[in-house]
Structure formats: C-alpha cells, structure tokens
Amino acid sequence: MIELTRLNGSPLVINCDLIKYAEAAPDTVLTLITGEKLVVLEACSEVLQRTLAYRAAVLRRAWPEAQSALTAKSACDADQHVRDQAHRASDE
C-alpha cells in the first residue's frame, strides 16, 4: 500500500497492485483494474517511485538475505530514472 494525496489535500492509501495505469492530464489520474479513476496530487514519477519502494520493502521482508542486492538494484534504478528524466527534459 502506498500513501498518496487527493486534490483536496486529504491522504489516501491505495493498494498499488490495483493500479492499471497512471497518466498526467495535467493532474495525475490513476486508473485501477476495477475501472475506478482517482486523481492525486503526486506526479506519475512519484507514484512510480513509491510503488517501487513499496515492492522492494515487501521483497526485503520476504527475502532478508537479498537486501543488499535489492538496495543496489534500487539505487541503480533510481539513478537510471533520473538520467531518463534529464534526457527527456533536454529533448523538450
């Protein structure tokens, strides 16, 4: 579960496994696998980062001996994400 913020400022905790896709239109609209749509303040990239952090935390708890590999992978993924964002920004 990840915590997000509704447009009115109230917190919302959502099961990120139910997110079918997220789009910026210009607010972030999450479409769940049920068809329900939620509008949140966080950017799509922030929803992605929180989802990745949640899933990494689940794996660390389920598989403690893999923590160092997961930490290295998370750092590598975060670095790649930053590079991708910078590359997209320079293309615009």
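**Pocket, surface patch and a cis peptide bond**

In the lining of the largest pocket, at least two residues each are supplied by α1 and by α2 (67-91). The structure described here is a predicted model, and the values given below were computed from its atoms. Of the two helices, α1 provides the largest share of the lining of this pocket, namely 6 residues, while the lining as a whole is made up of 11 residues. Those that lie nearest the centre of the pocket are L52, A53, A56, S74 and D77. When the lining is sorted by class, 6 of its residues are nonpolar, 2 are polar and 3 are charged. The volume of the largest pocket comes to about 200 Å³.

On the surface, a nonpolar patch is formed by L7, V39 and L41, which together have about 240 Å² of accessible area. Of these residues, L41 is placed in the loop that runs between β5 (37-40) and α1 (44-62). The relative accessible area of L41 is 49%, and L41 is therefore classed as partly exposed, since the term exposed is kept for values over 50%.

A further local feature concerns the backbone, where the peptide bond leading from A25 to P26 is cis, with an omega near -15°.

Technical notes
Residues are numbered from 1 along each chain as its sequence is written. This is a predicted model: local features need pLDDT of at least 70, side-chain atom pairs count only at pLDDT 80 or more; totals for chains, interfaces and linings use all residues. Side-chain values use heavy atoms; hydrogens and water are left out. Patches are made of residues with over 30% relative accessible area and no salt bridge: like charges are joined within 9 Å, nonpolar side chains (Val, Leu, Ile, Met, Phe, Trp, Tyr) within 5 Å. Accessible areas come from the Shrake-Rupley method with a 1.4 Å probe; for residues, only the protein chains shown count as cover. A salt bridge is a side-chain nitrogen of Lys or Arg within 4 Å of a carboxyl oxygen of Asp or Glu. Helices (H or I, at least four residues) and strands (E, at least two) are DSSP runs, numbered from the N terminus. Buried means under 20% relative accessible area, exposed over 50%, partly exposed in between (1.4 Å probe, protein chains only). On a 1 Å grid over the protein atoms alone, a cavity is a set of points where a 1.4 Å probe fits but cannot get out, and a pocket is an open set with protein on both sides within 12 Å along at least five of seven lines; lining residues have an atom within 4 Å of a point. Grid points are joined across faces, edges and corners, and a volume is the space filled by probe spheres set on the points. Ala, Val, Leu, Ile, Met, Phe, Trp, Tyr, Cys and Pro count as nonpolar, Asp, Glu, Lys and Arg as charged, and the others, Gly among them, as polar.
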